[in-house]
Amino acid sequence: MTGPAAIELQAVSKYYEDVLAVDAVSFSVGGGSICALLGGNGAGKTTVLSMLLGLLLPSSGRLAILGTDMRKYRYQVLDRINFSSPYVDLPQRLTVRENLSVYARLYGIKQLQQRLAVLAGQLDITAFMDRACGSLSAGQKTRVALAKSLLNRPSVLLLDEPTASLDPDTAASIRQLLRDYQQDSGATLLMATHNMLEVERLCDDVIMMRSGRVVDRGSPDFLLQRYGRATLEDVFIDVARDTGRVGNAVPD
Amino acid sequence: MKSMGRIYAMVLRYIYLLRRSWPRILELFYWPAVQLILWGFISQFFVTNSTWVAQASGVLMAAVLLWDVLFRAHLGVSLAFFEEMYSRNLGHLFVSPLRVSELIGALLTISLLRTLTGIGGAALLAIPLYDFSIFGLGLPLLGFFANLLVMGWAIGLLVSGLVLRFGLGAESFAWVSIFAIAPISGIYYPIAVLPEWLQGVAWFLPSSHVFEGMRALMFEHDFRGDLMWLAAALNIVYLLLGAGAFLLAFNSARKRGLLLRVGE
């Protein structure tokens, strides 16, 4: 942890009718860190992100971002948060510029055109700013979604698979961009991902989830040592398959 | 001020969408114009064959134009909201500072713009085609328009709430709801024509009061303020119910996680 908690969950659970999707999850993410939420399909990562964003109400527990209770006062901090996911689209018929302009206005961005030009340059989307979002490739859409997520220079950035559909070269430049953004702004990044390379290269901290619970946590190096593995992918498989390679105790 | 900026941003989003799609622009004008042309010819026929219509030759055209205000206002809200669902954009919208009340404000604003554009075009077309100007109704026209607009908004919000709650499979509510109330709104005939028990139901609709008021004005040259105020009072109730249903659906969607996986 590098600063006071920017994200906090206390005993957060979520039931979908009788199905328990998230089971009394508690963790905090320090301000200014880049943290990965790792886990297999159905582990509860997206549910946790959705609850943090206020798109999904928890069944019980407390969630706070930047010290603000997201259940009661989310509107106080929404202009300091943003999010990107390849699974949530921007309107397909609008051009990239139109979409980003609409969101920039929603976030109350001053000097809108200037901000769009800077982001377009950083994310290498200038060439297709005036094309409809629906005509873009998956990789281009991912970059546009990232541009949208950086519009308001968020203090907390939640990312769902930020480099999905990107080629290795573009993915590397996006990782660098996220790293630079975090260092320049001191923002906190929490990302749900399956990309172990991304976690190893980008994240200071990893939270491992299985069946709706946090089962382990630590820096990538710590986890490699703890599981006696050479790659995080092997650690991921140990956790996902519950091989019992280490005890289930979550470190403080 | 920030709130107005966000409403403006959403209105801009719907205008961008309209601007990029000629079928959507055409649709704005097409149905009101086709309806007007059809009822214009029917009116011309009835003027010579019906003493009732002959007393106020524009009554059927005024009725069809005003009915379209209700219809367009409703579609203006619900279709704009469906666009968010089709484009799976709700997840982005509701993690931005946009409040539900502001989204509702934007939906109502774009509905007003769409209604004015569509009906305005048809109303102007009626002048050279049939020598009928609905603007001849004078100031009461504003009362008729406002009441039907608000009723359309209320239905649009209710339908949008149902679709948010039950998914796009419930989209047909948009059409079913409006055609269900058409027969008891007394658009083309007095409410007195309906069976007595149905008249009781009809008077709970603001639209019934508006169309009765329109006929009173056109046949008897009498502006029935009482009917307008009753319609306005009912509309306040309906608009609160519509907005309440939308808010309930939104909260239910947040409990069920529907904002991220809207669709069929």
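**View 1. The open sheet of chain A has six strands in the order E6-E7-E8-E3-E9-E10, with mixed pairing.** Strands here are DSSP runs of at least two residues and helices (H or I) are runs of at least four, numbered from the N terminus, and two strands pair if DSSP finds at least two bridges between them. Because strand E6 (81-84) and strand E10 (213-218) of chain A each have a single partner strand, they stand at the edges, and one side of each is left without a neighbour in the sheet. From one strand to the next, the twist averages 20 degrees. This is a predicted model, in which local features need pLDDT of at least 70 and side-chain atom pairs count only at pLDDT 80 or more, while totals for chains, interfaces and linings use all residues. Residues are numbered from 1 along each chain as its sequence is written, and chains are lettered from A and ligands numbered from 1 in the order in which they are written.

**View 2. E9(A) and E10(A) pair in the antiparallel sense over five bridges.** Within this pair, Arg210(A) stands opposite Arg213(A) in E10(A).

**View 3. Cys203(A) lies in the loop between helix H6 (196-202) and strand E9 (205-210) of chain A.** Cys203(A) is buried because 22 other C-beta atoms lie within 10 Å, where buried requires 20 or more such atoms, exposed 12 or fewer, and partly exposed a count in between, with C-beta atoms placed from the backbone. Apart from its neighbours within four places in sequence, Cys203(A) is in contact (C-beta atoms, placed from the backbone, within 7 Å) with Ile34(A), Cys35(A), Ala36(A) and Pro220(A).

Note on methods. Two residues are in contact if their C-beta atoms, placed from the backbone, lie within 7 Å. Axes are lines fitted to C-alpha atoms, for helices over the stretch in contact, and angles run from 0 to 180 degrees between N-to-C directions.
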